[in-house]
Amino acid sequence: MAATETPSDEISRLRRCVRDLVALSALPAVWVGRELRDIAGSLADALLSTLRPDIVYVRLNGSPDGSPLEAARAYRRPEIAEQAVEIGRALAPWLTRDESSLPPAIPNPAGSGTVRLAISAIGHEGECGMVVAGSRQTDFPTEMDRLLLGVAANQAAASLQERRLLTALREADQLKDDLLAREQAARAETEAAEEALRARERQQAAVAELGRRALAGADLFTLMDEAVALIARTLAVEYAKVLELLPDGKELFLRAGVGWKEGLVGHATVGAGTDSQAGYTILARPPMIAAGLRSGEPVIVEDLRIETRFSGPPLLHEHGVVSGMSVVIPGYERPYGVLGAHTTRRRTFTEDDVHFLQAVASILAMAVERKRAEEALRASEARLAGIIGSAMDAIITIDEEQRIVVFNTAAEQMLRCPAAKALGQPVDQFIPGEYRKRHAEHVRRFRESGLTRRSMESLGTLIALRADGEEFPIEATISQVEAVGQTLCIAIIRDVTERTRVEEEIRRAKEFSERLIDSSVDGILAFDRECRYTAWNSGMERISGVSKKEALGKCAFDLLPFLKQTGADRFFLEALAGKSVVARDQPYVVPETGRQGFFEGHYSPLLNEKGETVGGLAIVRDITQRKRAEEEIQQLNVTLERRVQERTAQLEEANRELESFSYSVSHDLRAPLRHISGFAGLLQKRAVSALDETGQRYLSTILEATRQAGDLVDELLSFSRMGRAEMSRTAVDMNELVAEVRQEMAPEAARRVIVWRIDALPNVQGDPPLLRLVWRNLIANAIKYTRTRSEAEIEIGSTSNERETLFFVRDNGVGFDMRYVDKLFGVFQRLHGEQEFEGIGIGLANVRRIIHRHGGRTWAEGIVDGGATFYFSLPLSAEGGT
Amino acid sequence: MLELKRVLLVEDNPHDVELTLTALAESHLANEVVVVRDGEEALDYLYRRGAYRMRAEGNPAVVLLDLKLPKVDGLEVLAQLKADPQIKAVPVVILTSSREERDLVQSYNLGVNAYVVKPVDFHEFVESVKEIGLFWAVINQPPPGSIAHTG
């Protein structure tokens, strides 16, 4: 405090003092209902603001645990509040002593100089505590400071006393309450014991019910739902859950639960790591994971918030879970999951609770295992049923009484009987009557044999009977198994109708081809690499006279020695060398009879599927008949040729005879004529005077007739030569020929009036001299037979078509009677008398002969006294004619 | 019979011989004609053998040869004559009834000197023979060794 104090300072100081006193006196009101700690702090603060010391230390006794409560403050320097505490504690022993014994100052713990102290005990002899204020001010503590400190201490003491009183009062009440409570507790304990008993009973009943449900085969998930509901109800927990360990082993799936936020059950997952309770539950016991056999130790959490083993999954935290317990639901080969119960209030689970949870977990495990087993069973059953059902073969199982106990789909179809009608019925219904006894015997022997499996093929073709009465062939295998206390026979039956049919078809086809081969007229044989016959058809039997039985297996050359003698063995060898050869005109000898003949053989190699020659095949034809026929034909040909030669010779002879005839005619016929003529001429010369007129006329007639006969002979010879003469064929200008002939005929036409009308004529192919003779004859005729006409008209022309050229000579002469037209072209045929028109009737015969030799035709048209037209045609082609 | 004449007539038919000689007579050649009746005789005459071995030497001026002859026919005689260098020069005239081309061709091929077909008509015949006789026995100069025309 300052030495010199002004009155205004005094007033100001007093005013402040009053204000501080008011502030301090208000403290108890502030302290009502506050904690002791708060009171200490509040008191320290109040002293700091009123006394403005450098440090304040408050110590209050009376905390429930008996330890003093301290509060320290340092003015503007909170860092030295600790030192205030030190100071306060150091000064504590003085509280019970006289105030005067207090040291006025202590060394400044936070710096230089000293700190002056003011202490005030709270309560009697400081029983409620003390307050200390220290300041570096040299005037500390002033009267005012002491007053304020004392007031504050008193206020605190009063408050603390009051509190203590209140506390005592409360404690009394508490004691009363406690007594009451103890009484109640005693009662409650009895009730609780009873309740616990009931709870246990309930739990046991619940577990039993759950177990029953599980055993009854309740759906696993329904069972889980029921289990968690049961747990929640029975343990009075808000949350219960079944977590299923997912196959990856990394997550647990919230399979069933109660109390969880909507939408989580059936969706949420929890990490299976050790940071989750569930994960810890599983993983904390590694050996058991592998075993998966027991539920293991339960994991119990009193307070998740202070749990140290794991942090707890968000699921639990989000739901404000505090306490909980979880057990493993064991599973086959690995745990199924975790069963848990949780509360938001702290809870200590009892042993009963744990047992209950474990019991539920066991039931679930059992249910899970049962389901798994059932599923496995179903799967294997389905697999088996699938195998049996889908088997192509009928599978029929019969018991010891021969009753059907298994009848698969194939059996239904095969035997045309639904399983429902077959099961439990004797198997005999599917065996034809005549086979039943044998079948029963067979089955009996099989049972006695002790064999587990046996083909029934040894029985030969088996026949089964369809429900509709149809019998069909089967193939069966029978086996026996011990099951359900008896021996079951399982028959696997195959319908071989189709196979039998196919086999039959193959057999028939084979038979057919064999018959075909046999019916072949040709011989067909096959031989192996050693030339042993491996096939020999009936054709071969016919040809060789050797039966199939004799031939097969025999070496060809041993069986038929002639093969080597004739060299026909080389065909066998060539076929075996892979060549196809044809053996023609091979002689053969039938071994037994010695009959001889000829055959023709086509030898070819027989190849196996690898293309190797394994033998040979020959198709043999007996050509004896053909050969004979050929020989006959040859003989006939020889004969024919000889006959042709003979005939030719005859013809040549005839021709020669004809020639010599002509020659004779020419010589021998002409000679007498000449002699008649000669001697008649001589007679005429010598005796003309001795003869009268008639005699002379006779001589003349003889001479004339002789001359005519000579002409006839000459013409006849020329006609004969015409037929024999060589004929050439060249291009012939018909215009030229006609012109020449007209020139030649000019003398005959000289004193005549002849009107010629001659068309331009086409060229033809032919013999010019002969064609010239044709024109000569026709034109001469035309001139001759128009002799009676004052004006003769002779027309020469031609027309052509695609085949021939047609020429004609038309005149206006005497014509002829068409009745005799056929005679016109005959040799020595004349329609007019010699006196009328001279001629010997060979001209037109020559025309016809020449035109025929050219391949053409001749004809004529005429009217008596009305003229005649003579036609001839020549073919356009150079062909034809002789 | 053994003298050499200028015309050798080879003709078997007596009528023809007579007529021919009659015709030759008109050319005054009748006495110059030796008549033989067949081919063999003709050859005998020409080669002076057989019945003619005593005849005088020399060849006729012409041989009138018929084709149709007994024994050796006219063509054979012609062939032999014309094949013999010694007598092939003797002119041979075929006098025949044959108009056969074959005979004609063969005769010329064998080297005949002329070929005459005897006409049937007597007058024509006489004319033909007269002309032949005149030409070959008189007009034609025969090869050496032949009987020359005596006038």
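Just after α24(A), Gly855(A) has a positive phi of about 85°. This is a predicted model.

Me: What makes α24 of chain A largely enclosed by the rest of the structure?
Reply: A residue is called buried when 20 or more other C-beta atoms lie within 10 Å of its own. Nine of the 11 residues of α24 (residues 843–853) of chain A are buried, so the helix is largely enclosed.

Me: Which residues of α24(A) are buried?
Reply: Gly843(A), Leu844(A), Ala845(A), Asn846(A), Val847(A), Arg848(A), Arg849(A), Ile850(A) and Ile851(A).

Me: And how much of chain A counts as buried?
Reply: 31% of its 882 residues do.

Me: How do you know which residues of chain A and chain B make up the contact?
Reply: Two residues are in contact if their C-beta atoms lie within 7 Å. The contact takes 19 residues from chain A and 16 residues from chain B.

Me: Which elements of chain A give two or more residues to the side that touches chain B?
Reply: Those are α20 (624–687) and α21 (693–724) of chain A. The largest share, 13 residues, comes from α20(A).

Me: What classes of residue are on the side of chain A that touches chain B?
Reply: That side has seven nonpolar, eight polar and four charged residues. Gly goes with the polar ones here.

Me: What share of the contacts in chain A joins residues at least 24 apart?
Reply: Among contacts between residues at least 6 apart in sequence, 55% do. Chain A has 24 helices and 29 strands.

Definitions and conventions:
Residues numbered from 1 in each chain as written. Chains lettered and ligands numbered in written order. Predicted model: local features only at pLDDT ≥ 70, side-chain atom pairs only at ≥ 80, totals over all residues. Helix = DSSP H or I, 4+ residues; strand = E, 2+ residues; numbered from the N terminus. Buried ≥ 20, exposed ≤ 12 C-beta atoms within 10 Å, placed from the backbone.
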